[in-house]
Amino acid sequence: MIWVLLTAVAVLLVGVVGAMLAGWIRYDPMPDPVTSQPDPGLPEAFTARDIEGVHFDTALRGYRMDQVDRVLDRLQDRLAEQERQLEALRGQEEGLAASPQEPGV
């Protein structure tokens with residue numbers, strides 16, 4: 001009699017595992033992320049001082065990756081823009097230094 005009960009439990013267990021593997025039953029041990037602040041990112045026109053005030057929500061293994069990625073992308077864009085501007089200014093400076101100066105008119 002006990003073997004019938006054990007067989008039924010084994011069949012049920014195999015069925016549940018098979019349904020999970022097939023995707024019919026979903027097992028998600030991690031809940032959806034919860035945001036505790038409206039926007040941890042940077043303002044539209046940010047300064048170096050604004051970076052000090054950035055705080056991210058914590059997650060299971062550290063900080064929320066989507067929030068960190070968004071801020072890092074904005075920082076990368078700003079740095080690239082400033083590098084382009086710096087190179088343009090250096091090019092103008094070199095152009096001025098290389099051009100021969102005319103004697104006083």
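I'll start with F56, which sits in the loop between α2 (48-52) and β1. Helices and strands here are DSSP runs numbered from the N terminus, a helix being H or I over at least four residues and a strand being E over at least two. At 21% relative accessibility, F56 counts as partly exposed. On that scale, buried means under 20% relative accessible area, exposed means over 50%, and partly exposed is in between, with a 1.4 Å probe and protein chains only. F56 and V71 are 15 residues apart along the chain, and their C-alpha atoms are separated by 9.9 Å.

A word on what we are looking at. This is a predicted model, in which local features need pLDDT of at least 70 and side-chain atom pairs count only at pLDDT 80 or more, while totals for chains, interfaces and linings use all residues. Residues are numbered from 1 along each chain as its sequence is written, and side-chain values use heavy atoms, with hydrogens and water left out.

pLDDT is the predictor's confidence in each residue, from 0 to 100. The protein chain averages 80, and 82% of the residues score at least 70. Where pLDDT is low, the predicted coordinates should not be read in detail.

Now the overall layout. The protein chain has 3 helices and 2 strands, and from the N terminus they run α-α-β-β-α. Of the 105 residues, 9% are buried. The accessible surface comes to about 9600 Å², and 62% of that belongs to carbon and sulfur atoms; these areas come from the Shrake-Rupley method with a 1.4 Å probe, and for residues only the protein chains shown count as cover. Contact means heavy atoms within 4.5 Å. Among contacts between residues at least 6 apart in sequence, 47% join residues at least 24 apart.

Next, helix α1, residues 2-22. How does the span of its 21 residues agree with 1.5 Å a residue? The expected span, 1.5 Å times one less than the number of residues, is 30 Å, and the end C-alpha atoms are 30 Å apart, which agrees. After α1 comes G23, with a positive phi near 90°.

I2, W3, V4, L5, L6 and V9 make a nonpolar surface patch of about 650 Å². Patch residues have over 30% relative accessible area and no salt bridge; like charges are joined within 9 Å, and nonpolar side chains (Val, Leu, Ile, Met, Phe, Trp, Tyr) within 5 Å. L6 belongs to helix α1 and is exposed, with a relative accessible area of 55%.

On to salt bridges, meaning a side-chain nitrogen of Lys or Arg within 4 Å of a carboxyl oxygen of Asp or Glu. The whole structure has 2 of them. One joins D66 and R64, with the closest N and O atoms 2.8 Å apart. D66 is partly exposed at 40% relative accessibility, whereas R64 is buried, with a relative accessible area of 10%. Another joins R90 and E87, at 3.5 Å from N to O. Those two are 3 residues apart in helix α3, so about one helical turn separates them. R90 is partly exposed, at 42%.

Last, R78, in helix α3 (residues 65-98). Which residues does R78 contact, leaving aside neighbours within four places in sequence? They are E44, A45 and F46. R78 and F46 are 32 residues apart in sequence and 9.2 Å apart in space, C-alpha to C-alpha.
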